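Dear colleague,

Please find below the sequence and structure that I am handing over to you. My notes on the fold follow directly after them.

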Amino acid sequence: MDQPNAPSQSFPYVITISSEKGGVGKTTLATNLAIFLKALNEDIPVTIFSFDNHFTIDKMFTLKPDSSQKTVADLIAGEKGSDLIQTGQYGVNFIPSSHNLAKQKAAVKGPMEIARNLALSEIDGIIIIDTRPDLDSLTENALYAADRVLIPVKDMPSLENCRNIFSLFDKRGLDKKSLVLIPCLIDERIKFEGLFSDQKSLLRAFAINRGYRCHDVYISKSPKVESLNTNPDGKIYPVLTHGRGTDVHGQFATLAREILETYLNEKEPRSLLFSKWMTSEDQREKDAFVARMGGTRSKCLLCDKELMNGSAGDIGYYFETSDGSECGFLENDCFMKLLSNAVFNMNSDITKDDPTYMLLRESARKSFFLFKVRTEDGKHLVDFRRMDQAGDVQTSRVLNFRDHSGGKVTGGENHLFSLISETLSGYDNSYRDAYLLVQPVEPDSPQDILQKEQYRKFSNLKTRVASIFI
Ligand SMILES: Nc1ncnc2c1ncn2[C@@H]1O[C@H](COP(=O)(O)OP(=O)(O)O)[C@@H](O)[C@H]1O
Ligand SMILES: [Mg+2]
C-alpha cells in the first residue's frame, strides 16, 4: 500500500511520553496508544521502547522470551535501531528494556544522541518512547528527539512539574510546540462548585493560563483499566481488548485517531530534518577539507619533491603558519635534517642508525614545533620551541638565523632558511609577525590532519600555543 507520507518512510515520527511525576499514567498511555494506533492502521509500523526499568513493555509485547536479545542499551550505545526491534503482540514492534541503563546513561554525551540515533535508525512509521519519572539525560534526549511530547497531568502537583520540561526547552532555545499536556486519571465523580465544574476543566484552565498546550482528549480514571495490570498469570492486558465498554477505551481511540492524522500530515518528521542537517554538516565538513587541501602545497617545501601524487610514503610533517597563509607537508628526512643540524647541532654526516639521531627522530614524532622570527640589534633570530602534544614546552632554543641567509649554507641550515623564508617572509626582506607550526602526520594518510577531528585537535594546539607566546 502507498504510504501517504512516502518521502519520510524510513524516518520515524517520534512520540515521547514524559512527566517527572510517577503514577500519572505514562506507561499505560504509551503502551495502549501503540496498540490503538496499530489497530487503526495495521500498515503503519509502530515501535515502542522504554527508558524505565519496570519491563512493562516486555511483559505486554514479548512473543518469545529470549534473554540474549538486544535492548535499548544497545540503541543508546549507537547500534542501528532497525536491527534491535522485535515483532511483538498486537502487531506492535518493540525494543526490549534493559537492566543496565544507569551505566549507559553515563555514556550519553549530548542531548541530541537519541535524535541522531533515531534519524539513522531506519525505523519506519511511529516510535513511542516511554520515559522514567525523572528529567535525566535519557529523558532529555527523548524529549528533543520527539515530534510530539505527551505530558500526562493528573493533578496540580503534576501540572506544577511540567514547568521543568518547558524550561528545558527554553534553556536550549527549542520550539515548544511539540509539548502537549494531556489530563490523565481523571475521576469523573469529582465535581466542583463554580466556574470549573470538574478536574479536567480545572487542569486545562490552569495549563492554558500558563501558556501550555493541552489536549482536548483526556483519559478517565477507571477501576477496570487499573485492574488490567494485576492478573494471576502476571500479564498486563490492553484496554483495546480487555477494556471495552469503558470511557478510557473510547478516549484512547480518539487520541490515537488524532495522532494518526497528525502523523499522516507530517511530511518532515524531526528525524528527517535531523538527517538532512547531518548531511549538510557532512558536506560542510567535506567542503572545508577540500578547501584546506586546496590551499596546501603539493611539494615538499624543503626538497621540492612532489608529495601528493599517491606515493605519499615519505611525508612526515605538516606545517601551517599562525596566520594561515602558508601550509603544506614536509618530507620526513628533510625535516629531520633541519632538526638535527640546524636546531640540535648534530654533525651533518650523522647516519640514520646513529642512536642519538634515532632518539631525536622518535621524540620528534611525539612533538609539535614552533618557529618564530624576531629581530635583535638588526639581526634576525629564530625562537624555536619543541612542545609535547598537549602544547607544553619541552625544549627552547634561539637559532642564529641571519648567518644562514647569506653566503654558503648547506644541509639543515639551508633547510631552516628555506622553511622560514618561504613561510614567514613579509615585505621588504622583513618577516611577518606570525609563527610557524610543524606537526607530525601519519605517513600513510598525511591528509587526515586536515579532516574534521584531527584538524580540530591541531587548531586547539594552535590556540594553546598562541596563548603562551602572544
Ligand atoms: N486510566 C486509568 N484508570 C485507572 N488506573 C490507571 C489508569 N491509567 C493508569 N492507571 C494505573 O495507575 C498506575 C500508574 O500508571 P502508569 O501508567 O504505570 O503510570 P507512570 O508510568 O506514569 O508511572 C498503574 O497502577 C495503572 O494501572
Ligand atoms: Mg511508567
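**Sheets, helices and domains**

An open sheet with mixed pairing is formed by eight strands in the order E3-E4-E2-E5-E1-E6-E7-E8. Strand E3 (86-87) and strand E8 (213-214) are the edge strands, each pairing on one side only. Strands (E, at least two residues) and helices (H or I, at least four) are DSSP runs numbered from the N terminus, and two strands pair if DSSP finds at least two bridges between them.

This is a predicted model, in which local features need pLDDT of at least 70 and side-chain atom pairs count only at pLDDT 80 or more, while totals for chains, interfaces and linings use all residues. Residues are numbered from 1 along each chain as its sequence is written, and chains are lettered from A and ligands numbered from 1 in the order in which they are written.

The domain assignment divides the protein chain into domain 1 (6-279) and domain 2 (295-469); such bounds come from an automatic or database domain assignment. The C-alpha centres of domain 1 and domain 2 are 58 Å apart.

Val 14 stands opposite Ile 127 in E5. Helix H6 (residues 137-145) lies across E1, E5 and strand E6 (148-153), at about 140° to E1. Axes are lines fitted to C-alpha atoms, for helices over the stretch in contact, and angles run from 0 to 180 degrees between N-to-C directions.

Helix H1 (residues 26-40) and helix H11 (residues 247-265) have axes that come within 9 Å and cross at roughly 65°. H1 and H11 are therefore roughly perpendicular to each other (angles under 35 degrees count as roughly parallel, over 145 as roughly antiparallel, 65 to 115 as roughly perpendicular and the rest as oblique). The contact of H1 with H11 comprises 10 nonpolar, one polar and one charged residues. Here Ala, Val, Leu, Ile, Met, Phe, Trp, Tyr, Cys and Pro count as nonpolar, Asp, Glu, Lys and Arg as charged, and the others, Gly among them, as polar.

A second topic is the open sheet of six strands, which has antiparallel pairing and the order E10-E9-E14-E11-E12-E13. Strand E10 (327-331) and strand E13 (393-400) stand at its edges with a single partner strand each, so one side of each has no neighbour in the sheet. Neighbouring strands of this sheet are turned by 20° against each other on average, direction ignored.

Strand E11 (residues 367-376) and strand E12 (residues 379-388) run antiparallel and are joined by 10 bridges. Their hairpin has two residues between the strands, and Asp 377 takes a positive phi near 50° there. Phe 369 has Arg 386 as its bridge partner in E12 and Val 438 as its bridge partner in E14. E11 pairs with strand E14 (residues 435-440) in the antiparallel sense over four bridges. Strand E9 (residues 315-321) and E10 also pair in the antiparallel sense, over five bridges, and Tyr 317 stands opposite Leu 330 in E10.

Helix H13 (residues 332-343) packs with helix H14 (residues 355-364) at an angle of about 120°, with their axes 11 Å apart. That makes H13 oblique to H14. By class, their contact has five nonpolar, one polar and one charged residues.

Yours sincerely

How values were computed
Contact = placed C-beta atoms within 7 Å.
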